[in-house]
Amino acid sequence: VDIQYCDLSNFQLLDQVISETLRFWPFSLIGVNRICAEDYRYKDITIPKGCTITIPIQVLQNDPAYWREPDKFNPYRFSSEKLQKTDSIIYQPFGAGHRMCLGQRLAITVIKLVLANLIRSFKSEKYGDENERVYYLYYWYPKNGIKVKATPLFSSF
């Protein structure tokens, strides 16, 4: 049975896994840049008009001030009970406000369809060792990548 678009709303845990993955590894590697449209004063700081401001998305989405156990992959932090407590300015894998990515819904839909079909068709197992990590541009990466062994669950013959 093929997975239909209307089925996607029933995959709550898949939504949570995608959200947690985007928190852990957002699309923006360095951050989001904005140019100050007019002089802005905040406490003792003046940000002059024309100044470029970089918002480090990766840093915000892994800050212990906002996330309990930020280094732990926990998709349940995005369950419907806990989701209301997440600040939309801190969690912004597709940006925020009126400059938010227009393709967000399409991207999430495609990700869900691909993952749902992969999960339905293959048994996935961790393959190899990913314990050694390297730090690069705000991220910790497994030194040799993450390897997954995928075995088909059924044969088309």
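How far is the sulfur of Cys36 from the closest cysteine sulfur, and in which residue does that closest sulfur lie?

1. The closest cysteine sulfur to that of Cys36 belongs to Cys51 and lies 6.8 Å away, which is too far for a bond. With a disulfide taken as a pair of cysteine sulfur atoms within 2.5 Å, the structure holds zero disulfides. Cys36 is buried, its relative accessible area being 12%, while Cys101 is partly exposed at 37%; here buried means under 20% relative accessible area, exposed means over 50%, and partly exposed lies in between (1.4 Å probe, protein chains only).

2. A word on the basis of these values. This is a predicted model, in which local features need pLDDT of at least 70 and side-chain atom pairs count only at pLDDT 80 or more, whereas totals for chains, interfaces and linings use all residues. Residues are numbered from 1 along each chain as its sequence is written, and side-chain values use heavy atoms, with hydrogens and water left out.

3. Three salt bridges are present in the structure, a salt bridge being a side-chain nitrogen of Lys or Arg within 4 Å of a carboxyl oxygen of Asp or Glu. In one of them Asp15 pairs with Lys112, with 2.8 Å between the closest N and O atoms. This pair links distant parts of the chain, since Asp15 sits in helix 1 (residues 12-24) and Lys112 in helix 4, 97 residues apart. Lys112 counts as buried, at 9% relative accessibility. Helices (H or I, at least four residues) and strands (E, at least two) are DSSP runs, numbered from the N terminus.

4. Arg77 is buried, with a relative accessible area of 9%, and Glu20 is buried at 0%. Through salt bridges that share partners, Glu20, Arg23 and Arg77 are joined into one network.

5. On the surface, Arg68, Lys72, Lys82 and Lys85 gather in a patch of positive charge. Patches are made of residues with over 30% relative accessible area and no salt bridge, like charges being joined within 9 Å and nonpolar side chains (Val, Leu, Ile, Met, Phe, Trp, Tyr) within 5 Å. Lys and Arg count as positive and Asp and Glu as negative, while His and the chain ends are not counted; the place of a charge is taken as NZ of Lys, CZ of Arg, CG of Asp or CD of Glu. Arg68 lies in the loop between helix 2 (57-60) and helix 3 (80-83) and is exposed, with a relative accessible area of 69%.

6. A nonpolar patch is also found on the surface, formed by Leu106, Val110, Val114, Leu115, Leu118, Ile119 and Phe122, with about 600 Å² of accessible area together; accessible areas come from the Shrake-Rupley method with a 1.4 Å probe, and for residues only the protein chains shown count as cover. Helix 4 (residues 104-121) gives the most to this patch, with six residues. Phe122 is found in strand 5 (residues 122-126) and counts as partly exposed, at 31% relative accessibility.

7. Which backbone angle of Lys43 is positive, although Lys43 is not a glycine? The angle is phi, at about 50°. Most residues other than glycine have a negative phi. Lys43 is placed in the loop between strand 2 (40-42) and strand 3 (45-47) and is exposed, with a relative accessible area of 64%. Glu69, likewise not a glycine, has a positive phi of about 50°; Glu69 lies in the loop between helix 2 and helix 3 and is partly exposed, with a relative accessible area of 45%.

8. A last point concerns Val59, which is in helix 2 and counts as partly exposed at 41% relative accessibility. Val59 and Phe73 are 14 residues apart in sequence and, from C-alpha to C-alpha, 15 Å apart in space.
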